[in-house]
Amino acid sequence: MLWRLVPRLVWRFRRLLSTLMVAAALLGAASSVAPLFLESSERQALEQEFERRSRFGLGLQFLYTPSSSRAAPTPGGELHRLGSEFRDELQRRLHDVGVGRPIVTFLASESVATRGRAQVSVRLIHRTGALNNVTELAEIDRPGVWISDVTARDLALEAGDHFTLSGEGGKARTTVAGIYRFLPRDRPRGFWTPLSDFIDRGVSAFTFPPSFVIASRSQHLALLNKLNDPGQLRWEVPLASAVPSLEQAKSIARAFRDEATHALTDASVLGRAFRRSEVGLPPGSSSVLPGSIASVEDRIDSITPAVGLLAWTARVIALGTLTTIGMYVVGRRRTEVRVLLARGISPLAVMSRLACETLVPLLLGVGIGALCALYVISWIGSSLPLSSLAHTWPGAGLDLLLGWILVATSLALAIGNQERALGTESS
């Protein structure tokens, strides 16, 4: 009969239990704020690295310099086949890691573009998706190459005009199929970040590097066979559009390290191609992702002690508040407690019933507090999904159990005081 009255009594003392719920919400927020704040800081630091370096600059890069000997130049068709096969191999091996589609780039040495007596230094390039990442100024529907507006101005060229490309290995005549805005004066695009050394002006330089002459695959192959300038082959594996957590970034960095080792072995297309030629420089790989991860970790390590101290302070305050609320509950329900004790009900049974009444408000309060902490941290920092709360439940659950034990202990002490006072008054 006593336990059947619990719902009615909960409603009767709803304001009292609401106060308990507010204290529990403080405990839930204090238990969740530290892991949520650190996760938000990680995400924010990763976002800043993406903005500073772009997902292309943070990816994995391979560089291979084929033989440039005039006596035995590497055929252009073989170079293009190598570029495509190794790109496909990278995509096949890394498609489950969380990266974008690999990009292959043929970057030639400096050459001279000539029309009449006018000359200007340029650099022939073929790059996957290059024309999708420039600002088009003029275009004709004819085969040819794309030049910058600066090159077009210096050589007095328009779309459809012809000019000559000359290098150390030969020369070739080609057509202007389109004109794009000079990349250093165009809006920044992360796509070009890996080639920034060939685009942006250096700190001590007075002029920009030679602008690109962008060729399609077929046009580049035709010009490559005439110029006999293999230049460099570059492969880039950009990151996905976003890396949501530091752990995933570390997983991608480990995959990059394994792939860089594999690419130099005979099991890789690139490794076999280098061993067949036995000339030129061996392939090299690089990635700034490990350095960015270290930078993020240093930032998190620097704020972790302060965040932990504040979280522990808030947790102690919340637990102290719950302890006092247990005594407050018995004080407000003193008449009810005394009646139950006077009827011969043991103090343990009374304490158990009151403790069970507080369990639901405690659970609801801790959940509400964790949700409020998630909302506030997402508002002031990087947005967090609801799944982030899964990392806070172990700590919040332990704090909830400790808080409930403290509430039950304070209830027991307060009920004991009421029992002694009742005995004194009876005597």
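1. In this predicted model, the side chains of Glu 49 and Arg 53 form a salt bridge with an N to O distance of 3.4 Å. The two residues sit four apart in helix 2, so about one helical turn separates them. Glu 49 is buried, because its relative accessible area of 8% is under 20%. Arg 53, at 28%, is partly exposed. The pair also belongs to a network of salt bridges that links Glu 49, Arg 52 and Arg 53.

2. A second salt bridge to check is that between Glu 259 and Arg 93, where the closest N and O atoms are 2.5 Å apart. Glu 259 is buried at 2% relative accessibility, whereas Arg 93 is partly exposed at 40%.

3. Helix 6 also holds a local pair. Glu 247 and Lys 250 form a salt bridge, with 4.0 Å between the closest N and O atoms. The cut-off for a salt bridge is 4 Å. Glu 247 and Lys 250 are three residues apart in helix 6, so they are separated by about one helical turn. Glu 247 counts as exposed, because its relative accessibility of 53% is over 50%. Lys 250 is partly exposed at 22%. The count for the model comes to twelve salt bridges.

4. The largest nonpolar core has 41 residues. Those with the most contacts inside this core are Phe 62, Leu 82, Val 99, Trp 235, Leu 239, Ile 252 and Phe 256. Several elements each supply at least two of its residues, among them helix 2, strand 1 (60-65), helix 3 (76-94), strand 9 (232-237) and helix 8 (289-332). A second, separate core has 27 residues, including Leu 17, Ala 318, Leu 340 and Ala 355.

5. Which residues does Val 99 touch, not counting those up to four places away in sequence? They are Leu 94, Val 237, Pro 238, Leu 239, Ala 240, Ile 252 and Phe 256.

6. Thr 151 is in helix 4 (residues 149-155) and is buried at 2% relative accessibility. Its side chain makes polar contacts with two serine side chains: Ser 148 at 3.1 Å and Ser 211 at 2.7 Å. With neighbours within four places in sequence left aside, Thr 151 is in contact with Val 120, Val 122 and Ser 211.

7. Helix 10 spans residues 347-380 and includes Leu 354, which is buried with a relative accessible area of 2%. Beyond four places in sequence, Leu 354 is in contact with Val 330, Arg 333, Val 337, Leu 411 and Ile 415. Its C-alpha atom is 9.6 Å from that of Ala 412, which is 58 residues away along the chain. Cys 356, also in helix 10, is partly exposed at 41%. The C-alpha atoms of Cys 356 and Ala 408 are 9.1 Å apart, with 52 residues of separation in sequence.

8. A nonpolar surface patch of about 650 Å² is made by Val 33, Phe 37, Tyr 375, Val 376, Trp 379 and Ile 380. Helix 2 (14-57) and helix 10 each supply at least two of the patch residues; helix 10 gives the largest share, with four. One of the patch residues, Val 376, lies in helix 10 and is partly exposed at 40% relative accessibility.

Technical notes. Residues numbered from 1 in each chain as written. Predicted model: local features only at pLDDT ≥ 70, side-chain atom pairs only at ≥ 80, totals over all residues. Heavy atoms only, no water. Buried < 20%, exposed > 50% of the residue type's maximum accessible area, 1.4 Å probe, protein only. Polar contact = N/O pair within 3.5 Å; in protein donor to acceptor, adjacent residues only side chain to side chain. Contact = heavy atoms within 4.5 Å. Patch = residues over 30% accessible without salt bridge, like charges linked within 9 Å, V, L, I, M, F, W, Y side chains within 5 Å. Areas by Shrake-Rupley, 256 points an atom, 1.4 Å probe, with all protein chains shown as cover. Core = buried A, V, L, I, M, F, W, Y, C linked by side-chain atoms within 4.5 Å.
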